[in-house]
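Reader: I have a model open and would like to go through it with you. Could you start with how far it can be trusted?

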Amino acid sequence: MAVGLADAGGLESLSMRKLAQELRVEAMSLYYHVKSKDDLIDGMVDVVFSEIVLPSPGDDWRSAMRQRAESARAVLARHPWAIALMRSTPGAATLKHLDATIGCLRSAGFSPAMAGHAMSLLDSFVDGFALQEAALPLDPAGGMTAATEDILAQQQMMTDAFPHLAEIAESYILQPNYVFGNEFLFGLRIILDGIEAAQPSEEP
């Protein structure tokens, strides 16, 4: 219920009183279950983490990390309020997820340090991309046609003042097949290639 309220109106719209009203209980009764709103939010983030695909030891690490990253991006698109909170006080689901991710990498031959590097790099990329995606004025198809066309309405000014921006807008972003989400797939492939190249051959 709390996650649904935050999804609908943002985290700032969530209060203990509003949650109590939705649950049809007295606000004070919620404090038998959570210590504070911060405690409630920690639990909500744990719920979000539980929705991300869980890797397993023995999985092909590259496929597992790609699937995990794509799943995390989709989950954060459903719960954009959670993007900035994914490193808050971890709950059981969060710890289970992180442990499974490390376990997958370790079983694939990653040293503890390399597993940490890989997970940190991937998570930073996913969280940053999700934050950017949530902030951009994307159209329903995932492009930026309307916003870019508005900017380019003053065509001559754009070309004179910002020639490189005008060029990429016209030749790339405004093309019919442009979807911002493809930038995620490109970046993820580059990161996985880099991790693979940096991973030495060694026993776990």
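Author: The chain has a mean pLDDT of 82, with 78% of its residues at 70 or more; pLDDT is the predictor's confidence in each residue, from 0 to 100. This is a predicted model, in which local features need pLDDT of at least 70 and side-chain atom pairs count only at pLDDT 80 or more, while totals for chains, interfaces and linings use all residues. Residues are numbered from 1 along each chain as its sequence is written, and side-chain values use heavy atoms, with hydrogens and water left out.

Reader: Where is confidence lowest, and where highest?

Author: It is lowest in helix α2 (residues 16-23), at a mean of 60, and highest in helix α4 (residues 61-78), at 96.

Reader: How many helices and strands are there in the chain?

Author: The chain has ten helices and zero strands, where helices (H or I, at least four residues) and strands (E, at least two) are DSSP runs, numbered from the N terminus.

Reader: What percentage of the residues count as buried?

Author: Of the 204 residues, 38% count as buried, and buried means under 20% relative accessible area, exposed over 50%, and partly exposed in between (1.4 Å probe, protein chains only). Among contacts (heavy atoms within 4.5 Å) with a separation of 6 or more, 70% come from residues 24 or more positions apart.

Reader: Which residues are buried in helix α1?

Author: In α1 (residues 2-9), these are Ala2, Val3, Leu5 and Ala6. They lie on the same side of α1, because they cover an arc of only 160° around the axis, the arc being that of the directions from the helix axis to the C-beta atoms. Gly10 follows α1 and has a positive phi, near 85°.

Reader: Switching to charges, how many salt bridges does the structure hold?

Author: It holds six, a salt bridge being a side-chain nitrogen of Lys or Arg within 4 Å of a carboxyl oxygen of Asp or Glu. In one of them, the side chains of Glu51 and Arg78 meet at 2.9 Å, N to O. That pair links distant parts of the chain, with Glu51 in the loop between α3 (37-50) and α4, and Arg78 in helix α4, 27 residues apart. Glu51 is partly exposed at 31% relative accessibility, and Arg78 is partly exposed at 45%.

Reader: And what does the salt bridge of Arg62 with Asp193 look like?

Author: The closest N and O atoms of Arg62 and Asp193 are 2.6 Å apart. Arg62 lies in helix α4 and Asp193 in helix α10 (residues 181-198), so the pair ties together parts that are 131 residues apart in sequence. Arg62 is partly exposed, with a relative accessible area of 23%, as is Asp193, with 33%.

Reader: Which salt bridge does Arg66 form?

Author: Arg66 pairs with Glu70, and their closest N and O atoms are 3.1 Å apart. Both lie in helix α4, four residues apart, about one turn of the helix. Elsewhere, salt bridges that share partners join Arg62, Asp193 and Glu196 into one network.

Reader: Last topic, which residues make the nonpolar surface patch?

Author: Phe162, Leu165, Ile168 and Tyr172 make a patch of about 380 Å². Patches are made of residues with over 30% relative accessible area and no salt bridge, with like charges joined within 9 Å and nonpolar side chains (Val, Leu, Ile, Met, Phe, Trp, Tyr) within 5 Å. Tyr172 is found in helix α9 (residues 163-173).

How values were computed
Accessible areas come from the Shrake-Rupley method with a 1.4 Å probe; for residues, only the protein chains shown count as cover.
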